[in-house]
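Colleague: I would like to learn how to read a protein model feature by feature. Could we go through one together slowly?

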Amino acid sequence: MVIDVYSKLYKIYFKYYEKWRLNDNIIDEFVFRMSVALSHRLFPTVFEKRLSKMSFARNDQFPERREKLIASLTSFPGRIDKVWIAISTILLQTVKPDAVELWLAKEQFPGGISSLPENLLRLREYGLEICFCDDDLRSHKKYYYAMQRHPDDIVITFDDDIYYPLDSIEQVWKLHQQSPEDVVVMSTPVFSSKDLMNPLEWGMQNNSVIGRNNLGICGGCCSLFPPRALHSNAFDTDAIKRLAPLADDLWLTAMTYMNGRKVS
């Protein structure tokens, strides 16, 4: 019964999230918001039941892949009690990442590991690595440290407040096979020359198999970055703090195109 409720709520959550993002429909947005509210209340309890019946073991359909997949995300004190839910949906993917890293700023968690909730700490036995960094780059932490730690590997970025469909990595991985030099995103904003500097006017679309020059990057939408996909300026911390301290998506988009790459 619990698993059945979980499955239905999970499907509603993503079905209407996608509709709302793509069509900006007020009814779809209402259903999505309601499913979010229910999810926040029910998912913690439901996931406890669900996790006991599912395996974190690596059993994906691409066991011989040569490239390593590094899943990376960040969080902050306001969400640290529930970030384990998002991480669980990453660990349970049909295509397993080779590593899952959660990057936390030392200044936000001065107590270190001992200050973190048990429901997060227990995920370490399934492959989660909790990493502490010196500089709090806010949302930029989701890509910044992982890309420098794994310069020759694929980095896939996630958010700490999204429950991902269990085939998310599988979908971007398949697109990566078709466009290996592109940054691949599950859903992406579309812009034109007239609204390039006004992100609020950008539309949304599902991922594409063909790289384009008018697609933005949503860093939290299961975004796959091939090795060295970003321009070297992407790691200039002074520039990040001065130009885009709260706009990691715009920063990633600009640094991708500056590096001569496309987005799929």
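Colleague: What covers the buried residues of helix 6?

Modeller: Before the answer, please keep in mind that this is a predicted model, in which local features need pLDDT of at least 70 and side-chain atom pairs count only at pLDDT 80 or more, while totals for chains, interfaces and linings use all residues. Residues are numbered from 1 along each chain as its sequence is written, and side-chain values use heavy atoms, with hydrogens and water left out. Helices (H or I, at least four residues) and strands (E, at least two) are DSSP runs, numbered from the N terminus. Buried means under 20% relative accessible area, exposed over 50%, and partly exposed in between, with a 1.4 Å probe and protein chains only. The cover over the buried residues of helix 6 includes strand 1 (69-74), strand 4 (154-157) and strand 7.

Colleague: Which residues of helix 6 are buried?

Modeller: An α-helix has 3.6 residues a turn, so residues three or four places apart point the same way. In helix 6 (residues 168-178) the buried residues are Ser168, Ile169, Glu170, Val172, Trp173, Leu175 and His176.

Colleague: How should I read strand 4, and which residues on its two sides are buried?

Modeller: In a regular strand the side chains alternate between the two faces of the sheet. Strand 4 is covered on both faces, with Ile154 and Ile156 buried on one side and Val155 and Thr157 buried on the other.

Colleague: In which sense does strand 4 pair with strand 1, and how does it run relative to strand 7?

Modeller: Two strands pair if DSSP finds at least two bridges between them. Strand 4 pairs with strand 1 in the parallel sense over four bridges, and there alanine 71 stands opposite isoleucine 156. With strand 7, strand 4 runs antiparallel and is joined by three bridges; here valine 155 stands opposite phenylalanine 225.

Colleague: Which residues have the most contacts inside the largest nonpolar core?

Modeller: A nonpolar core is a set of buried Ala, Val, Leu, Ile, Met, Phe, Trp, Tyr and Cys residues joined through side-chain atoms within 4.5 Å. The largest one has 35 residues, and Ile87, Leu120, Ile156 and Phe158 have the most contacts inside it. Helix 3 gives the largest share of this core, six residues. A second, separate core of 29 residues includes Cys221, Phe225, Ala244 and Met255.

Colleague: Is cysteine 222 buried or exposed, and what is the case for arginine 228?

Modeller: Cysteine 222 counts as buried because its relative accessibility is 0%, whereas arginine 228 is exposed, with a relative accessible area of 54%. Cysteine 222 has a phi near 50°, a positive value in a residue other than glycine, and arginine 228 has a positive phi of about 55° although it is not a glycine. The loop between strand 6 (203-206) and strand 7 (223-225) holds cysteine 222, while arginine 228 is in the loop between strand 7 and helix 7 (237-243).

Colleague: Which elements have the lowest and the highest mean pLDDT?

Modeller: The term pLDDT is the predictor's confidence in each residue, from 0 to 100. Where pLDDT is low, the predicted coordinates should not be read in detail. Strand 6 has the lowest mean pLDDT among the elements of the chain (51), and strand 4 has the highest (98). For the chain, the mean pLDDT is 80, and 66% of its residues reach 70 or more.

Note on methods: Contact means heavy atoms within 4.5 Å.
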